[in-house]
Amino acid sequence: MGTVGLSFGPPTSGQGFNVQQTVSQIVANLQSVETPWKNQLTQLQSQDAVYTSLGSDLSNLTNSMQSLTDFQGVLAQKQGSSSNTNVLQLTSASNSAVAGSHNITVNTLAATASFASSVVTNASDLVAGTMQFTIGGTPQTITILGGGETLAALSTQINAAGIGVTTNVLTDPSGSVLSIVSNTGGSAGNFSLSASVTDTGNANAPVIFSQGQAGVDASLKVDGVSITSASNTVTNAIPGVTFQLLSAPTTPSPVQVEITNNNTAVETAVQNFVTGYNQVMKDIKAQEGNNSSGQPQPLYGNPNLSMIQSQLQSAFSFQQSPLGGSINSITQLGVSANPDGTLAFNSSTLDGLLNSNYQGVVNFLQPGNGYTSFGANFTTALNNLGNSGPNGAVYLALQSNQATEQTLNTDITNENQTISVKQQQLTTELNQANYILQAIPQQLLALNETYSAVTGYNVQKY
């Protein structure tokens, strides 16, 4: 702590001293006790920034591993193909689908029942009358409102009635047509229509309704089993698989549908795991040595980093029990360790393994009965290292730092309060002292004048 001196010249000069400057010097000396606390606080906050970044990257690594260990993750994904996309197009294959080959023969396509009116030349013409629909054996009558409606208004009225059909007005250069389509596909959606409607704008000419097509179920064979479908979008033929019927050849022939595992998705997920692992290792490597200013990195020599690095490398080297399948090392999946501790990935190696032993890869990565999988072991290691409570190493390090930071902040706050009180006291006391110093010449002058008056002796005035 430095010293503070008062500069006020000769005592009888009345010069006094700079109170504000003197108090600031004293306060600065008092505040110097906080310097090591503040330095420690800055160091801890720098460590927090690194820990937070490391925790985020460990979280990303955890997510990449989760996609491989999740029973509904990428290892469950399926994809499919059709040998004749003019006849049948595969729409989707969900995780519940089972890899395999199927033969599908399309005999007929599904059709939805429909009716259409004759052409009404002028869109503004009003039509009048009644329409009786019989849907599912139940007759339902639509009476055209008022003195007549346009086809557009009649379409709105029928749709609002909710009787099981949907209408639209179709227009071309010849005029407008009211199209009526069943809301139910296939044979179950067939309906009849009896109408007595006239075009009041065209000398009450009759508006005739004719059936466009009857509702028909699609007919097809799946692996030799005959089935029907009310829609050309078929979802109930192969579990987990949806496909679209596009045409029914005159001479039906089998279309081969292949449901396969999604190798590409698995390879991408493993690459994401490798990328996440390498980022964590780069985080640790970045804390070795000094920063650009020549100062040690915030976590230089920190034992937590060594522990995280060691446990990740140990988890990577985990050898799975033979009970889990023929694959017992991640190196068999095309993942290898570089000399600097990062990983490399050969997707061709994994692709070949997926084609030859897909289930072995699943067993290696996902938890199973009677053995600990690589994926389960690695996930456990990550849970013990990341920023999730209560056991994550990064989480515990941040908690420890934050507890110390809270104590330091409390100490600094308390010290500042003490210094503030002292500052007020010093300001008051030094102002009084300064007033006294500045008043000395006047006091001496008054004393001399009193002495002269009493003695008649003229003393030199100050």
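This is a predicted model: local features need pLDDT of at least 70, side-chain atom pairs count only at pLDDT 80 or more; totals for chains, interfaces and linings use all residues.
Local features were considered only at a pLDDT of at least 70 and side-chain atom pairs only at pLDDT 80 or more, whereas totals for chains, interfaces and linings use all residues. Residues are numbered from 1 along each chain as its sequence is written, and side-chain values use heavy atoms, with hydrogens and water left out.

Helix H4 (residues 263-285) packs against helix H6 (residues 347-365) at an angle of about 135 degrees, and their axes lie 10 Å apart; helices here are DSSP runs of H or I with at least four residues, and strands are E runs of at least two, numbered from the N terminus. H4 is therefore oblique to H6, a term for angles that are not under 35 degrees (roughly parallel), over 145 (roughly antiparallel) or 65 to 115 (roughly perpendicular). The contact (heavy atoms within 4.5 Å) involves Asn263, Val266, Glu267 and Val270 of H4, together with Ser347, Leu350, Asp351, Leu354, Asn355 and Tyr358 of H6.

Most residues other than glycine have a negative phi, and most peptide bonds are trans. In the loop between strand E9 (191-199) and strand E10 (205-207), however, Asn204 has a positive phi near 55 degrees. Asn204 is partly exposed, with a relative accessible area of 47%, where buried means under 20%, exposed over 50% and partly exposed in between (1.4 Å probe, protein chains only). Asp223, in the loop between strand E12 (218-222) and strand E13 (225-229), likewise has a positive phi, of about 50 degrees, and is partly exposed at 43% relative accessibility. Finally, a cis peptide bond with an omega of about 5 degrees joins Gly389 and Pro390, and Pro390 lies in the loop between helix H7 (374-383) and helix H8 (393-455).

Notes
Axes are lines fitted to C-alpha atoms, for helices over the stretch in contact, and angles run from 0 to 180 degrees between N-to-C directions.
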